[in-house]
Amino acid sequence: MKTESVLLTNLCVPCACRCRYCLLSWNGKPVGIPWERSCAFAERFIAEVQKEAPELRCDFSFGYSMEHPNLAETIRFLRRIGSPQAELLQCDGMRMRNAAECMELAGMLTAEGVKSLNFTFYGLPEYHDRFAARKGDFDLMIRMIQAAAAAGLQVSAGVPLTKENAAHAPELLRNLLEHGCERVRFFIPHEEGRGASLAAIRLEKKDLESLPEEVLQRLNRKVYRLEADWVREQDPMETRRMILVSFRQDNIDRYESMSAMDVIREIEELDDAYYATFPPFRELARQYGDANGERLYGYRDLFAHYRSLYAEDQGIRIYDVTDERQSGSRRY
């Protein structure tokens with residue numbers, strides 16, 4: 001397994017939403033560390049990696065949301081260390097703003113060199129607001145899209161498709177395009193974080209067949225396929241990985257006492273141990289897969305689904321390297 005990149009992250013900024021399938025299982029309590037401390041450590045860490053392993057790409061980002069209290073200064077720091085987040089912001093869960101405040105924010109982002117913004121929509125206004133657990137969230141993001149487009153920023157949106165919101169997709173797509181969204185992508189939501197709660201409404205073949213062409217052409221069918229298709233296919237072996245170093249209150253003292261390469265090696269060992277605990281995808285698919293399954297999955301999500309079933313059957317309790325609230329990895 002080849003490590004190709006390292007992502008340093010600090011989950012220190014609160015999110016104003018509480019979305020039903022939050023990847024990070026946001027519960028109102030940040031797990032990150034003070035921002036200034038994370039910046040100092042990230043700079044030292046990146047410098048060491050550039051010296052010891054220059055072939056590794058090393059980036060730094062923050063969350064849970066982009067509502068950093070010193071956002072302009074933060075963008076400048078991220079640009080100085082070469083982080084892609086200096087040019088692309090995920091604008092979900094930010095504080096409420098009126099139209100004038102959205103224009104002010106968009107102008108600041110443009111002045112600071114941000115190039116593009118991305119938003120996540122869960123359906124039409126009433127449904128979206130319930131899903132995100134915040135009244136007025138849909139209208140806020142539309143205001144921000146309009147302001148961003150007027151300021152010359154590129155705007156894109158992602159829409160997770162389920163049984164519940166599939167009927168919303170055509171009207172939602174038209175709405176987003178009319179308000180200045182340049183690119184809209186539909187996707188099948190994962191089961192990570194609180195995503196498991198959406199299992200009962202996972203999109204199926206019959207739901208897919210009801211969607212118009214303008215929606216279907218924005219859903220990558222090479223990535224999202226029927227379970228039956230994945231079960232029949234050869235295992236698309238994962239040979240590369242990204243190491244995630246999450247700066248947390250329960251690990252930062254120890255990380256600061258280690259070299260960057262030792263931190264990376266420690267997480268690589270966690271990754272190796274985690275995946276060695278489970279059979280390969282093909283074997284799990286034979287045991288748990290539905291050869292006629294009509295639910296849609298991405299490969300990574302289906303593999304994780306089968307691992308969760310296996311872990312439950314075998315009583316396995318192991319450090320979860322796929323939990324992005326903590327240090328871990330992503331294989332691909």
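How far is the sulfur of cysteine 12 from the closest cysteine sulfur, and in which residue does that closest sulfur lie? I shall open with that point and then turn to the protein as a whole. Please bear in mind that this is a predicted model.

The closest cysteine sulfur to that of cysteine 12 belongs to cysteine 39, and the separation is 8.3 Å, which is too far for a bond. A disulfide, as a reminder, is a covalent bond between the sulfur atoms of two cysteines. Cysteine 19 has its closest cysteine sulfur in cysteine 17, at 4.9 Å; because the cut-off is within 2.5 Å, this too is too far for a bond. Cysteine 19 has a relative accessibility of 13% and therefore counts as buried. Under the cut-off applied, the count of disulfides is 0.

Let me now describe the fold. The protein contains 13 helices and 10 strands. Its radius of gyration is 21 Å, close to the 20 Å that the globule rule gives for 332 residues, so the protein is as compact as a globular protein of that length. Along the principal axes, the C-alpha atoms fill a box of roughly 55 × 55 × 35 Å.

As for the interior, 56% of the 332 residues are buried. Of the contacts with a separation of 6 or more, 79% are between residues 24 or more positions apart.

Finally, the surface and the charges. The protein exposes about 15,400 Å², and carbon and sulfur atoms supply 49% of that area. There are 45 positive and 52 negative charges, and their mean positions are 1 Å apart.

Note on methods: Residues are numbered from 1 along each chain as its sequence is written. This is a predicted model: local features need pLDDT of at least 70, side-chain atom pairs count only at pLDDT 80 or more; totals for chains, interfaces and linings use all residues. Side-chain values use heavy atoms; hydrogens and water are left out. Helices (H or I, at least four residues) and strands (E, at least two) are DSSP runs, numbered from the N terminus. The radius of gyration is taken over C-alpha atoms; the globule rule is 2.2 Å times the number of residues to the power 0.38. Buried means under 20% relative accessible area, exposed over 50%, partly exposed in between (1.4 Å probe, protein chains only). Contact means heavy atoms within 4.5 Å. Accessible areas come from the Shrake-Rupley method with a 1.4 Å probe; for residues, only the protein chains shown count as cover. Lys and Arg count as positive and Asp and Glu as negative; His and the chain ends are not counted. The place of a charge is taken as NZ of Lys, CZ of Arg, CG of Asp or CD of Glu.
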